[in-house]
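Me: I've just opened this one and I'm new to it. Can you walk me through it, question by question?

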Amino acid sequence: VEVSSTFHAHEIQEYCLPNRENQLFRFAMKVTQDCPVSIQLSTSKRDAYFKLEVLDHEMPVAGTQGRGHGVIPVYSLLRGSRATKGNTIAEEEEEAEEEDTSVSNVEDEKPHKYILQATIVRDSWPIADTAWPYISMIKSLEKQDEGRSGSEQQSLAKKTKSKEKGGGKKGAAQSAPAKMDTSKPHWTLRVVTKNEDRECLEVHKDTERADELKGMVQAWEAEQPGRCKKAQESRQKFLESRALKDTSEEDQSTAVSVLSESSSVPQPPSGPVQLRQIDLSPFIVSDSGSPRLLDETEQAVQQQERQQLFREYRARRQAVLQRREEDRETRNQAKVAQLELAEQWQANLDELRNKLNAGRQAIRERHLAKERAKMEAEAASQRAAEEQAAAGRESKKGKAKGKKK
């Protein structure tokens with residue numbers, strides 16, 4: 001195991017500039033060979049919570065959370081080159097008669113794209129009002145730096161590189177100003193590597209998104225020449241029509257003096273533009289009339305109004321409950337009346353049914369009596385006939401016996 005006792009620190013120190021994503025910074029790290037690094041982050045606000053992450057293609061591969069200070073002890077950055085490996089396997093002669101194919105196995109390694117970013121969490125680092133003028137100055141200087149031409153940036157990069165070679169040390173891609181105002185919110189980042197690996201690591205701001213937007217603006221300008229100028233003129237016209245003169249420029253002048261000592265960039269215009277407030281009174285409907293003092297008398301009047309509202313509410317509630325009770329009693333009486341009417345109808349029906357059944361029964365009895373008399377007459381005639389027939393047979397038998405004698 002190789003142990004190194006000499007290290008090199010890429011140190012970056014900048015002011016805390018707030019943004020929508022609560023990001024402290026976002027740096028791209030490029031290596032020419034495998035390189036282990038240790039990352040440290042310190043904030044001027046000791047109780048600020050932050051999350052420090054190393055991303056590879058926007059996927060977190062290492063990270064930590066800290067309060068005022070955070071450390072990623074070690075992480076190995078792999079060389080970000082694309083390698084292609086291929087090999088062909090021919091079939092043996094014994095298997096050539098069955099299958100004559102070759103298999104190609106191609107492996108593409110995706111190039112590494114390391115991003116180092118820090119994010120404030122829990123809204124734990126609010127910016128004081130006194131620091132905003134200073135921050136506006138810093139942002140104005142950054143916009144002027146971005147507005148430089150490509151030739152100026154290349155010449156500045158060449159000068160910086162020659163100075164680094166002459167000194168025998170390679171600092172960070174973006175070094176801290178010569179004089180930092182430590183009373184302002186700031187942070188310090190250190191990316192530590194072995195001394196022999198310091199030439200293999202490059203740390204610079206991630207400007208991919210800014211470059212995309214810049215390319216988009218250039219494409220719009222190429223499609224519609226003069227569009228950028230028209231937009232600037234329109235914005236300047238709007239600002240001139242609604243801008244207010246800022247009278248408090250003490251903090252801004254201090255910021256400009258500190259930055260001018262540490263940079264050769266010309267001073268930006270003083271402070272952000274303050275606009276007049278829009279008169280919203282035509283859009284606000286108010287029926288309260290003129291304002292009144294909320295004294296004891298007014299409080300007593302408001303108390304009486306509230307009590308009157310309570311009394312009216314109780315009266316309405318009692319009326320509703322009384323109507324509900326009356327309705328309930330009415331429905332119960334309607335139910336009882338309906339039952340009584342049904343019972344009366346049932347009694348009338350039974351009486352009518354009995355009358356009809358009595359007449360029917362009388363007719364039936366008369367008919368049954370006639371049927372019984374008829375049946376009795378038929379039975380009597382049948383008996384008489386039978387008796388007559390029996391008497392005839394007996395007389396015939398008597399005559400027959402007399403003849404035989």
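This is a predicted model: local features need pLDDT of at least 70, side-chain atom pairs count only at pLDDT 80 or more; totals for chains, interfaces and linings use all residues.

Me: How many helices and strands does the chain have?
Reply: The chain runs to 405 residues, of which 20% are buried. Among contacts with a separation of 6 or more, 79% are between residues 24 or more positions apart. As for the elements, the count is 7 helices and 13 strands.

Me: Which residues are linked with Arg26 in a network of salt bridges?
Reply: Start with the pair Asp206 and Arg26, whose side chains meet at 2.7 Å, N to O. This pair links distant parts of the chain, 180 residues apart: Arg26 is in strand β2, while Asp206 is in the loop between β11 and α4. The residues linked with Arg26 in the network are Glu58 and Asp206.

Me: Is Arg209 buried or exposed?
Reply: Arg209 meets Glu212 in a salt bridge (3.4 Å, N to O). The two are 3 residues apart in helix α4, so about one helical turn separates them. Glu212 is partly exposed at 42% relative accessible area. Arg209 has 54%, and since the cut-off for exposed is over 50%, Arg209 counts as exposed.

Me: What is the N to O distance in the salt bridge of Glu325 and Arg328?
Reply: These two sit 3 residues apart in helix α7 (residues 296–404), so they are separated by about one helical turn. Glu325 is partly exposed, at 34%, and Arg328 is partly exposed too, at 38%. Their side chains meet at 2.3 Å.

Me: How much accessible area does the nonpolar patch with Met216 have together?
Reply: Met216 lies in helix α4 (residues 208–223) and is partly exposed, with a relative accessible area of 39%. It forms the surface patch along with Leu213, Val217 and Trp220. Together they have about 340 Å².

Me: In the hairpin of β4 and β5, which residue takes a positive phi?
Reply: Strands β4 (residues 49–56) and β5 (residues 59–67) pair in the antiparallel sense over 8 bridges. Asp56 has Met59 as its bridge partner in β5. The hairpin has 2 residues between the strands, and the one with a positive phi, near 55 degrees, is His57.

Note on methods:
Residues are numbered from 1 along each chain as its sequence is written. Side-chain values use heavy atoms; hydrogens and water are left out. Two strands pair if DSSP finds at least two bridges between them. Helices (H or I, at least four residues) and strands (E, at least two) are DSSP runs, numbered from the N terminus. Patches are made of residues with over 30% relative accessible area and no salt bridge: like charges are joined within 9 Å, nonpolar side chains (Val, Leu, Ile, Met, Phe, Trp, Tyr) within 5 Å. Accessible areas come from the Shrake-Rupley method with a 1.4 Å probe; for residues, only the protein chains shown count as cover. A salt bridge is a side-chain nitrogen of Lys or Arg within 4 Å of a carboxyl oxygen of Asp or Glu. Buried means under 20% relative accessible area, exposed over 50%, partly exposed in between (1.4 Å probe, protein chains only). Contact means heavy atoms within 4.5 Å.
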